Amino acid sequence: MVSHNMKSPVYILSDSVITPLGQTIAENMDKLYSKVSAVQAESHEQMGTLYRSKFADTSTFPTKNNSDSFTKIERLFIFSIEQAVSKLSFPIDLSQVLLVFASTKGNIEYLTDPDFDHNRLRIGFMANHIAAYFNNTIPSIVVSNACISGSQAIQYACQALQNKKNTHVVVTGADCISEFVSSGFHSFQALSPFACTPFDKKRAGVSLGEGCGTLILSTIPVSETNIEICSVVSSNDANHLSGPSRTGEGLASAIAGAIKEAGIQSSEIDVISAHGTATLYNDEMEALAFQTTGVSAAPVYSVKGNIGHTLGAAGIIETIYLAHSIQQDKLIPSIGFSESGTSIGLNIVTQATTKKIKIGLKTASGFGGGNTALILKKQK
Amino acid sequence: MNQLITELKKEIILQLNLQGVTPEEIEDNAPLFGDGLGLDSIDVLELIVLLRKKYGIKVNGAEEGKSVFYSVQSMAEFVYANQQQQQQQ
Amino acid sequence: MKYIITRFCRISLDLTLPNSVRIQTHALDEIQNSDFFALYKHAEIDYPKYFKMDSISKYGIIAAEYLLKGIDLKEKYSETDMGIVLSNASGSLDTDAEFQKTINNKVSFFPSPAIFVYTLSNIVMGEICIKYKIKGENMFFLSESVQFELLQSFVSDLFEKESIQTAVVGWVEYSLGKPDVLLLLVEKTDLKDTSEIEFTSHHIESLYLL
């Protein structure tokens, strides 16, 4: 006999996105709809011209309490968490709530800094350090699984909520631009020599980005407009560390799993926010996976052309964008696209379009072979 | 040229961590990728770094890489040709 | 339905002999030379890719070899029914330092792709997935010390939802030359064999403290 737990749905009560596009969701969404990109050219002595989405050096993230002793990424986390909490219609005690973090490299840019407390290079320690700002001593959860970290942090949070271990969970993901990561992608010849163009025939690699996204989740909605997270399913290609499987079967497995767990048909997917990193292989693999799972007719877009690839933050930031797009019944255009560059033709969104949207799919794939598919739904 | 080939074989083994492989076991004209030594895409990138570091030669991307790194012989010819060019300049 | 630990592998630095590690599994308890080539030979693996890996992935593969020695998971389970949930404290910091060396010198700037590929916490897990074709749910947590309760509850939940039918679970830590590894194989059973080790946070901790 098969028994399943009756799962309560999980709702997004509040959120925050901090990227070079803006420090409020409204600013971010506005620029996405208007096809504005934060990806800019920057000259690097050894690597030439790099195209990336970076905060201006003068950017400040004004936290409620003094955070001068924190690093940029730590301050981003704190500021974003505070922003998300401030938008809640009721107070929550941040010292008592479970914090789930996602980051791939944390404070990596301080690796060579002899004056930096090297404990904070460990992301688990960094998370506790950030939690201490909120007087929070509950053991934080840190997910670090390459570019699917953000989506998986949401996966973990949903599980914790559905097991009634918590009533509210704060999920937050961030990564910052660093020479470390840029050099690595450069050595892979994976950096685009122009602002990246997902799914396009001329695409030539990624543009890196930085930012932070925070979600406040609960099994108890506070409004009919709270978007529901129906399912989050992960898989592994088990094929190659830094390139996706050529067949897309790993991602297809995750998508099929998410669709099944959400109790819907693939034809009900109204929009897809793809991982769309603009490498030759990723975008082709995603197209194949979309076809295999019967969702390739759905409008699809990638925001990597607007905010670059934000690594550990991507799964959270891009899920938040999708949630708002669903709420607003407005499709986000896929910037940089002009001619199809995948063997499977996709329905790429080229202009912000009003459309009745009920269900959206968010996909992510990462180094190490991980894939995650997440499904969002409007309550009514 | 023979000296260059032997040198390249040693460098390849070192750079790519090919445990238990001796220079004598690598045939000059055997394909390095696929069935040959079984090298993969990351190995091509490492070989590109090797040529840059050791010989100051830039290989642009995977397409050029395919023909340059076909075998040790093709690598040696590429390096040799570049060295000739550098000497002339 | 119970979840049980059917196999385990514990690797830690041996404090009695120099350059030695202690390897304890469900089947053996040995002190071995910690030289990576010696470990490879002793584990009787045939996997040349091992020599391209970073230190933490080598230990992960050695531990997985001992964990799964003599069985073929694919005979019992489909690839997507096999899951893996690992964790550690230092991520890939040891390898990060190695990669940093290749970019420190601004004149001789040669970032190494072969090293960079290992500069993510989860890559050790990726290598195990590739070797054993583990294609199901996978997750990597970072924490200062082993979170026994987290591993037990997260994995049990995946079993409950029938997302997985078996899982490799544990802690693969490597820092300053010191390995600290615990891998478990978790499976389901409805037999009431009392000699089986139930998959509880207490039992995970006991194996870690061996």
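This is a predicted model: local features need pLDDT of at least 70, side-chain atom pairs count only at pLDDT 80 or more; totals for chains, interfaces and linings use all residues.
1. Contact of chain A with chain C. This contact draws 44 residues from chain A and 45 residues from chain C. On the chain A side, at least two residues each come from α3 (123-133), β5 (141-143), α4 (149-162), α5 (179-187), β9 (228-236) and α6 (249-262). Of the elements of chain A, α5(A) gives the most to this side, with six residues.

2. Composition of the chain A side. Sorted by class, the residues of chain A that touch chain C comprise 16 nonpolar, 25 polar and three charged.

3. Besides supplying residues to the side of chain A that touches chain C, β5(A) pairs with strand β5 (residues 138-142) of chain C. The sense of this pairing is antiparallel, and two bridges are involved. As one bridge to inspect, V143(A) has F141(C) in β5(C) as its partner.

4. Contact of chain B with chain C. Here eight residues of chain B meet eight residues of chain C. The side of chain B that touches chain C divides by class into three nonpolar, two polar and three charged residues.

5. A sheet within chain A. Three strands of chain A, in the order β2-β3-β7, make up an open sheet with mixed pairing. Its edge strands are β2 (39-44) and β7 (208-209) of chain A, each of which pairs on one side only. Between β2(A) and strand β3 (residues 48-53) of chain A, the pairing is antiparallel and runs over six bridges. Within this pair, V39(A) is bridged to S53(A) of β3(A).

6. Geometry of α2 and α3 in chain A. Two packed helices are described by the angle between their axes and the distance between the axes. For helix α2 (residues 72-86) of chain A and α3(A), the axes come within 10 Å and cross at roughly 45 degrees. The helices are therefore classed as oblique, α2(A) to α3(A). The crossing of α2(A) past α3(A) is right-handed.

7. Residues at the helix contact. From α2(A), the contact is made by E74(A), F77(A) and I78(A). The residues facing them from α3(A) are M126(A), H129(A), I130(A) and Y133(A). By class, the residues of this contact are five nonpolar, one polar and one charged. The helix α3(A) also supplies at least two residues to the side of chain A that touches chain C.

How values were computed:
Residues are numbered from 1 along each chain as its sequence is written. Chains are lettered from A and ligands numbered from 1 in the order in which they are written. Two residues are in contact if their C-beta atoms, placed from the backbone, lie within 7 Å. Ala, Val, Leu, Ile, Met, Phe, Trp, Tyr, Cys and Pro count as nonpolar, Asp, Glu, Lys and Arg as charged, and the others, Gly among them, as polar. Helices (H or I, at least four residues) and strands (E, at least two) are DSSP runs, numbered from the N terminus. Two strands pair if DSSP finds at least two bridges between them. Axes are lines fitted to C-alpha atoms, for helices over the stretch in contact, and angles run from 0 to 180 degrees between N-to-C directions. Angles under 35 degrees count as roughly parallel, over 145 as roughly antiparallel, 65 to 115 as roughly perpendicular and the rest as oblique. A crossing is left-handed if the near helix is turned anticlockwise from the far one by less than a right angle, and right-handed if clockwise.
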